[in-house]
Amino acid sequence: MKKRLSIVLAFTLLLTSMLSGAAVAAPKKTDATFNLALQALMGKDNTELTMQVYSNTGDYMPPQELKKVELEVYDTITGKKVIDKKFKNVSNYPNIAALTLNNIKRHQVVNTKITFKHDELKGEQTLTGETQVLLRPDLVLDDLQAPSHIAPNEQFIVTADLKELNGDLGDAARVDVVFDGVVLGTLNEVYAAKGGVTPIAIPVSLKYPGTYPMQLKIIKTGIPQYDTSNDVLDFTVTVEEKQQTNPLTDYSVQYDYSPSYAQHLREWVNGSLFYAYDYEPASFESFSMNAQVPGDMLNGGSMTVSLQGAGGGSYSFTVPVLTAKEEASMYNPFNYEDRNSGLMVTVYPNPGGPDVVSLTKNAGFYEQSYFTEGTWQQLSYAEGEFALNEKDSVAFTISITNNTGETFSLSDVISLDYSPTQYDDTWNYQSNTTHSWGFMDKYAGFVSSYVNW
């Protein structure tokens, strides 16, 4: 009997854990033998009320049947009772009872009273509880990104956003990349908060040349969804033999990450505060490359970068074709900048090549307070998207094609060193005093073809 009770208790605790993520009404603290947990989730057609009875001590099995269930539903705004129903002999197998309700509205309050008998206790047991009607979560996939052309056995990353649309409950999902019924890549337990967005990235490779109509699919969720018709995105990848790529031989590549840093400054003139600032909290990330690329880059060249952190993070991006006026592209540096993504590219043209290409992918954030002209002011700054937040090592693949179609590639791993810094300095000059202090946590590393780098 004890073994059976322990199995039932384990099942009950697991079910309680699953339901807790779905906004189950928490039971009030009680000295009673049993407690009642409630959940009311609304779908497109009806609302399901689930009732879980569990022993406070784990000494008693849940009842197999609820003798009576009394429901009262109240309007959210007016508080008026709109539904009053009674049910008899409701099955509680396996250890959870469910009722299907109609004509229920979102956010209405359901008061529940249940009565049951238990073989090991005298008399009837009565429990009450209250919960609010919530929409079932609705997960969708959006903003799918995948390369249209790859080489055989070349790994590529399928990225997308997992969104929750209804705004009442978050949920976790399994997402698969599928071709012709075969799962090529999967990601388990991806959680999207209520009304939230979670980026996902799934690595995939295809062995043979051909055209592959594929799908990114939500396969499984923790809670039955409000709508499953929006769980699939279609895309196509063509696998074809590519021209042989040449290695880049003159390059330097660097990665820096600071999860936190702070900068402070105070400047006094004749004993009065003249200028001051505080940068805190703050953080940044940077991936940069400098390389000599044979041939000419402008007006037709392209670049792609794929990053993979040892901690599991991955990020890929493509540099748009850099188009310059013909007369400007001969000798003057060409600059491209996208502050939203934190991407900056400079090409130093050399007619006939090699062109020198400088690429930086930044992400940064800080909150600043600064004192000027006698007043304190505040601002926040954010640039780019944090890609890896890596502290150990970063593997990268860079592919650069010049404007005549020659492709050059570079793959390597950057090992990162931790180098924290702290400083606290004061300068005095005549009637001026300046005090600067702060700290920086930093993980950084580089690889280079230059011997004396």
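Trainee: What volume does the second largest cavity have?

Mentor: The second largest cavity has a volume of about 60 Å³, where a volume is the space filled by probe spheres set on grid points joined across faces, edges and corners. This is a predicted model, in which local features need pLDDT of at least 70 and side-chain atom pairs count only at pLDDT 80 or more, while totals for chains, interfaces and linings use all residues. Residues are numbered from 1 along each chain as its sequence is written, and side-chain values use heavy atoms, with hydrogens and water left out.

Trainee: What makes a set of points a cavity?

Mentor: On a 1 Å grid over the protein atoms alone, a cavity is a set of points where a 1.4 Å probe fits but cannot get out, and its lining residues have an atom within 4 Å of a point. Residues lining the second largest cavity include Tyr255, Phe287 and Lys361.

Trainee: Why is the pair of Phe179 and Tyr212 called edge-to-face?

Mentor: Rings of Phe, Tyr and Trp (its six-membered ring) pair if their centres lie within 6.5 Å, and planes over 60 degrees apart count as edge-to-face. The centres of Phe179 and Tyr212 are 4.9 Å apart and their planes stand at 65 degrees, so the pair is edge-to-face. A search of the whole structure finds 13 aromatic pairs.

Trainee: How do you know whether Tyr212 is buried or exposed?

Mentor: Tyr212 has a relative accessible area of 11%, and buried means under 20%, exposed over 50% and partly exposed in between, with a 1.4 Å probe and protein chains only; Tyr212 is therefore buried. Phe179, at 24%, counts as partly exposed.

Notes. Rings of Phe, Tyr and Trp (its six-membered ring) pair if their centres lie within 6.5 Å; planes under 30 degrees apart count as stacked, over 60 as edge-to-face and the rest as tilted. On a 1 Å grid over the protein atoms alone, a cavity is a set of points where a 1.4 Å probe fits but cannot get out, and a pocket is an open set with protein on both sides within 12 Å along at least five of seven lines; lining residues have an atom within 4 Å of a point.
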